[in-house]
Amino acid sequence: MRLRQLRKEKGWTLEKLSNKTHIAINTLSQYETNKREPSIETLKLFADTFNVSLDYLLNKSDQNIVGHNLNRNVVRVPVYGEIPAGTPIEMVDESFIEDYEDIDASLFSSGEKYFCLKVRGDSMLPKFESGDVLVIKQQSNCENGDYCAVSINHTECTFKKVLKRADGITLQPLNPAFEPMFFSNKDIAQLPITILGVVKEIRRSL
């Protein structure tokens with residue numbers, strides 16, 4: 001098992017791993033030295049904590065996959081409470097991860113990448129409610145009318161409907177209490193305005 005290796009790669013002490021997993025330091029030490037075998041639930045906890053596959057954790061694979069496979073049909077991807085402005089998705093620190101969502105593995109068949117974002121606020125009511133989890137396909141372009149995660153000037157990240165015009169784009173909230181934001185083609189190039197991904201699914205807790 002790669003538990004000690006993964007912990008060292010993170011630069012974590014046993015105490016820090018204990019705080020993250022709520023497993024006693026002595027027990028973690030026994031797992032690392034193979035003096036004790038963790039349960040399957042504990043193994044899944046470690047895989048979630050380090051964002052790796054069970055196969056990688058157990059030395060059954062040499063590939064460390066972000067968005068790890070729990071089985072052949074499902075891939076788990078991170079849910080961000082927010083996206084740090086100006087930071088590429090692949091480099092977002094794990095401290096911004098609030099949860100994970102199970103995504104149909106067939107969506108990844110051609111190398112597509114996905115992430116999830118939790119809606120904050122009510123600018124996109126009534127279609128999107130605060131707390132909704134959005135499954136977003138990572139891409140740098142979109143069609144007119146798509147709902148997108150958008151980076152503005154490397155200082156702000158927002159979620160809006162993108163309306164394309166010949167002279168620029170409008171980031172359109174659905175709630176009439178909020179003002180739309182228009183950016184000219186010059187603004188798009190110079191600020192810049194960057195599409196981070198397009199919403200493919202809404203998940204709402206009942």
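Q: Which residues does Ile136 touch, not counting residues up to four places away in sequence?

A: In this predicted model, Ile136 touches Lys113, Tyr114, Phe115 and Leu117, together with Ala149, Gly197, Val198 and Val199, once residues up to four places away in sequence are set aside.

Q: Which core has Ile136 among the residues with the most contacts inside it?

A: The general idea is that, in soluble globular proteins, nonpolar side chains tend to be buried together. Here Ile136 belongs to the largest nonpolar core, a set of 16 residues in which Ile83, Phe115, Leu134, Ile136 and Phe159 have the most contacts. Strands β4, β5, β6 (147-152) and β10 (193-203) each supply at least two residues of this core. There is also a second, separate core of 15 residues, with Ile23, Tyr31, Ala47 and Leu54 among its members.

Q: What should I look at when I read a pair of aromatic rings, and how many aromatic pairs are there here?

A: A pair of aromatic rings is described by the distance of the centres and the angle of the planes. In this structure the count comes to five aromatic pairs. One of them joins Tyr80 and Phe115, whose ring centres are 6.3 Å apart and whose planes stand at 55°, so this pair is tilted; the cut-off for edge-to-face is an angle over 60 degrees. Because Tyr80 lies in strand β2 (residues 74-80) and Phe115 in strand β4 (residues 114-118), the pair ties together parts that are 35 residues apart in sequence. Both Tyr80 and Phe115 are buried.

Q: How are the rings of Phe128 and Phe159 arranged, stacked or edge-to-face?

A: The rings of Phe128 and Phe159 have centres 4.9 Å apart and planes at 90°, so they form an edge-to-face pair. This pair links distant parts of the chain, with Phe128 in the loop between β4 and β5 (133-138) and Phe159 in strand β7 (residues 156-165), 31 residues apart. Phe128 counts as buried because its relative accessibility is 1%, and Phe159 likewise counts as buried, at 9%. Phe128 and Phe159 also form one aromatic cluster with Tyr147.

Q: Where does Thr158 lie, and does its accessibility count as buried or exposed?

A: Thr158 lies in strand β7, and at 11% relative accessibility it counts as buried, because the cut-off for buried is under 20%. The side chain of Thr158 is joined to that of Lys160 by a polar contact of 2.9 Å. Leaving out residues up to four places away in sequence, Thr158 touches Cys148, Ala149, Val150, Ile152, Leu171 and Met181.

Q: What is the case for Gln190, buried or exposed?

A: Gln190 has a relative accessible area of 57% and is therefore exposed, the cut-off being over 50%. Gln190 has its place in helix α6 (residues 185-190). The C-alpha atom of Gln190 is separated by 8.2 Å from that of Asn153, although these two residues are 37 residues apart along the chain.

Q: How many helices and strands does the protein chain have, and what part of its residues counts as buried?

A: The protein chain has six helices and ten strands, and 40% of its 206 residues count as buried. Among the contacts with a separation of 6 or more, 49% are accounted for by residues 24 or more positions apart. The chain exposes about 11,600 Å², of which carbon and sulfur atoms supply 46%.

Technical notes:
Residues numbered from 1 in each chain as written. Predicted model: local features only at pLDDT ≥ 70, side-chain atom pairs only at ≥ 80, totals over all residues. Heavy atoms only, no water. Helix = DSSP H or I, 4+ residues; strand = E, 2+ residues; numbered from the N terminus. Buried < 20%, exposed > 50% of the residue type's maximum accessible area, 1.4 Å probe, protein only. Phe/Tyr/Trp six-rings, centres within 6.5 Å; stacked < 30°, edge-to-face > 60°. Contact = heavy atoms within 4.5 Å. Areas by Shrake-Rupley, 256 points an atom, 1.4 Å probe, with all protein chains shown as cover. Core = buried A, V, L, I, M, F, W, Y, C linked by side-chain atoms within 4.5 Å. Polar contact = N/O pair within 3.5 Å; in protein donor to acceptor, adjacent residues only side chain to side chain.
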